[in-house]
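I opened this entry to record what I looked up in the structure. I began with helix packing and then turned to charged pairs and backbone geometry.

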Amino acid sequence: MWFGRCLLAALAVLYLMNLGSAGFLGPDEPRYASIGRAMAENGDLVTPRLDGAAWFEKPPLLYWMTAAATRLGLHDEWAARLPLALLTIAFLIFFYTFAAAGVFPECRFNGHRDPGDLGRVDRLHFRRRTR
């Protein structure tokens, strides 16, 4: 079990290590980052604004996470990327834990209950439910 946790920690460090090394990519990433930064600066968490105009293209959770990271003192790329990266890791841990515990009966891990016993994705088998 400790090996699985160490492996998870090492992969998380590798995943998060270079989040701020590249500038914003494409047209959308800087747009959403600036909306979150504007929310943090003016304190209006209800109406997302891009260059002063209301912008309701996406649900506000992304903007709120960016605003919270900005308020915590993270700078541009880190404030925009770190909350989503942490949310991704949390979801993967959640799904893996529930699947390994057998909460999703349609998937099993070769009969193994120990999450540290899983080495490769090809060991994940899906069974069709029959009634």
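**Helix packing**

The model is predicted. Helix H2 (residues 28-42) and helix H3 (residues 61-71) pack at about 60 degrees, with their axes 7 Å apart. I therefore recorded H2 and H3 as oblique to each other.

I then listed the residues in contact. From H2, the list includes Tyr 32, Ile 35, Arg 37 and Met 39, and from H3 it includes Leu 62, Trp 64, Ala 67 and Arg 71. The residues of this contact divide into nine nonpolar, three polar and two charged.

**Salt bridges**

Arg 37 forms a salt bridge with Asp 76, with the closest N and O atoms 3.0 Å apart. Arg 37 lies in helix H2 and Asp 76 in helix H4 (residues 76-100), so this pair ties together parts that are 39 residues apart in sequence. Arg 37 is partly exposed at 28% relative accessibility, and Asp 76 is partly exposed at 38%.

Asp 28 forms a salt bridge with Arg 31, at 2.7 Å between the closest N and O atoms. Both residues lie in helix H2, three residues apart, about one turn of the helix.

Asp 44 and Arg 49 meet through their side chains in a salt bridge at 3.9 Å, N to O. I found Asp 44 partly exposed at 23% and Arg 49 partly exposed at 32%.

**Backbone**

I noted that Asp 51 has a positive phi of about 55 degrees although it is not a glycine. Asp 51 lies in the loop between strand E1 (49-50) and strand E2 (53-54). Asp 51 is exposed, with a relative accessible area of 77%.

Definitions and conventions. Residues numbered from 1 in each chain as written. Predicted model: local features only at pLDDT ≥ 70, side-chain atom pairs only at ≥ 80, totals over all residues. Heavy atoms only, no water. Helix = DSSP H or I, 4+ residues; strand = E, 2+ residues; numbered from the N terminus. Buried < 20%, exposed > 50% of the residue type's maximum accessible area, 1.4 Å probe, protein only. Axes fitted to C-alpha atoms, helices over the stretch in contact; angles between N-to-C directions. Parallel < 35°, antiparallel > 145°, perpendicular 65-115°, else oblique. Contact = heavy atoms within 4.5 Å. Nonpolar A, V, L, I, M, F, W, Y, C, P; charged D, E, K, R; others polar. Salt bridge = Lys/Arg side-chain N within 4 Å of Asp/Glu carboxyl O.
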